[in-house]
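This report looks at how the parts of one protein model are arranged. Please view the sequence and structure below before reading on.

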Amino acid sequence: MSEKHSVLLKEDKCEGCTNCVKNCPTKAIRIHQGKATIIEELCIDCAECIRTCEYHAKYAKTNDLNQLTNDQYRVALLAPSFYGQFAGDIKPQQIKKAVYELGFNEVWDVAYAAEATSKKTYQFLKNNSGTYISSSCPVVVRLISLLYPELIDNIVPFNSPVDLMADYVKKGLEKKSIDNYCITFFTPCPAKVTAVKNPLGRKDSSINKTIAVDKVYPQILKLIKTDGFSERSELQQKYQPYLGISWGQSGGENDILNREGIIDTLSVSGIRNIIDIFKEMSVGNIQGLRYLELVACPTGCVGGIFNVTNPYQAKVNIKNNHRDYERFVDQKTNNYDFRLKSKIEEENYQKLDKDFTKAMEKLELLEREIESLPGLDCAACGAPDCETFAADVINGLAQRSDCIFVLRDEIKRLADKLSLLTHEEPPVINNQKSGD
Ligand code: SF4
Ligand code: SF4
């Protein structure tokens, strides 16, 4: 895999069990010579393969705390879901204080930008008719650009809250003439890492480093436990974006829109559920909706694989934490530049051939190839299903005999032929005994 993606394979750990092949929602994985390989153009960094690999052969790469140098001005960005990692009685102010003590010069809540995004989305929906999809989950945006390009225009044309917050912070640092800075995001998932390296809808990201939540959590928890935090005084000092923090769980984004009076909304989490929704949308079976909040991880960003706390517990923690603070603060939308700098483009992956004429020729071959296969979709060939395997055969990426059933038939055919041959003798051999 190139630097474009963050989901990678530890080849020595792979047993070729095909679990990841069967569970990849975009059919991006094949087994070759007993090892998994990821087709880069098809991977959306959803991390389903990491979740399903029992041998821990799949992983995602992020930066480490020790990659930040002492001479750098260090800024940390905290995701809304980050707060769900801590028990409900640990206040966001305590968590932030611990992050400062970890060596950061500034600590910012992405939840501020999330609240502002909700406000901007509200205005956008008031001014535009139709059904729109949240742009906050990079997996969803990449999935649409790869497999459902007809829905690209339904994505709200805004940067995601983490990008908005990073742009805002960067502008502030430049105003203060701070050059040697590092904006670091504690990420709940690999997709946000990929969105920094390889963004959609913009050329580059203002985030300089991403560190997985599980790499910083133990140290932060330790600092909180040894802290003499005085809740009453510190709670009153600063406004906390509690409603923005609720974006960390599925339904949090729509909750704010619903409060503002937009009620025709739907919240769906989990990549398979989202694919089901897109299939239904593509044939016009989903109607009467203004806004879809779609997050690839089950239960929302709290379900990201880098998180440490059970996602359902994390949801409870978030709820407990902002229970007494349910208010909508009038976030200034003009703090942020929402507009995407470039259009989200269709990924244009062609299963059979980039050339249209060749693709049509191959289509005929494909149909014949599919017919010759048993249609069991067992993945023993190293492809997720017979149709995908047939396409791989047509493209020279697999051999027909990689299918164990085809191989078995071939062996049987050869065995029958051998058996026949053993009863035949060449004409030079005289079968008739003398005297017959
Ligand atoms: S799930 Fe995939 S990566 Fe993990 S051992 Fe099986 S084939 Fe290899
Ligand atoms: S990250 Fe998702 S899309 Fe990429 S290979 Fe793994 S399961 Fe497939």
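## The open sheet

In what order do the four strands of the open sheet stand, and is the pairing parallel or antiparallel? In this predicted model, the order is β6-β5-β8-β9, and the pairing is parallel. The edges are taken by β6 (106-109) and β9 (209-212), each of which has a single partner strand, so one side of each is left without a neighbour in the sheet. On average, and with direction ignored, neighbouring strands of this sheet are turned by 25 degrees against each other.

Six bridges join strand β5 (residues 73-78) to strand β8 (residues 181-187) in the parallel sense, and Arg-74 stands opposite Cys-182 in β8. Helix α8 (residues 213-225) lies across β8 and β9, and it runs at about 70 degrees to β9.

## Packing of α4 and α11

Helix α4 (residues 110-127) packs with helix α11 (residues 252-260) at an angle of about 50 degrees, the axes of the two helices being 10 Å apart, which makes α4 oblique to α11. The crossing in which α4 passes α11 is right-handed.

On the α4 side the contact is made by Ser-118, Thr-121 and Tyr-122, while α11 contributes Glu-253, Ile-256, Leu-257 and Glu-260. Sorted by class, this contact of α4 with α11 has three nonpolar, two polar and two charged residues.

## Domains

The protein is divided into domain 1 (7-60), domain 2 (65-128 + 156-251 + 300-335) and domain 3 (356-422). Between the C-alpha centres of domain 2 and domain 3 the distance is 50 Å.

Conventions: Residues are numbered from 1 along each chain as its sequence is written. Chains are lettered from A and ligands numbered from 1 in the order in which they are written. This is a predicted model: local features need pLDDT of at least 70, side-chain atom pairs count only at pLDDT 80 or more; totals for chains, interfaces and linings use all residues. Axes are lines fitted to C-alpha atoms, for helices over the stretch in contact, and angles run from 0 to 180 degrees between N-to-C directions. Angles under 35 degrees count as roughly parallel, over 145 as roughly antiparallel, 65 to 115 as roughly perpendicular and the rest as oblique. A crossing is left-handed if the near helix is turned anticlockwise from the far one by less than a right angle, and right-handed if clockwise. Two residues are in contact if their C-beta atoms, placed from the backbone, lie within 7 Å. Ala, Val, Leu, Ile, Met, Phe, Trp, Tyr, Cys and Pro count as nonpolar, Asp, Glu, Lys and Arg as charged, and the others, Gly among them, as polar. Domain bounds come from an automatic or database domain assignment. Two strands pair if DSSP finds at least two bridges between them.
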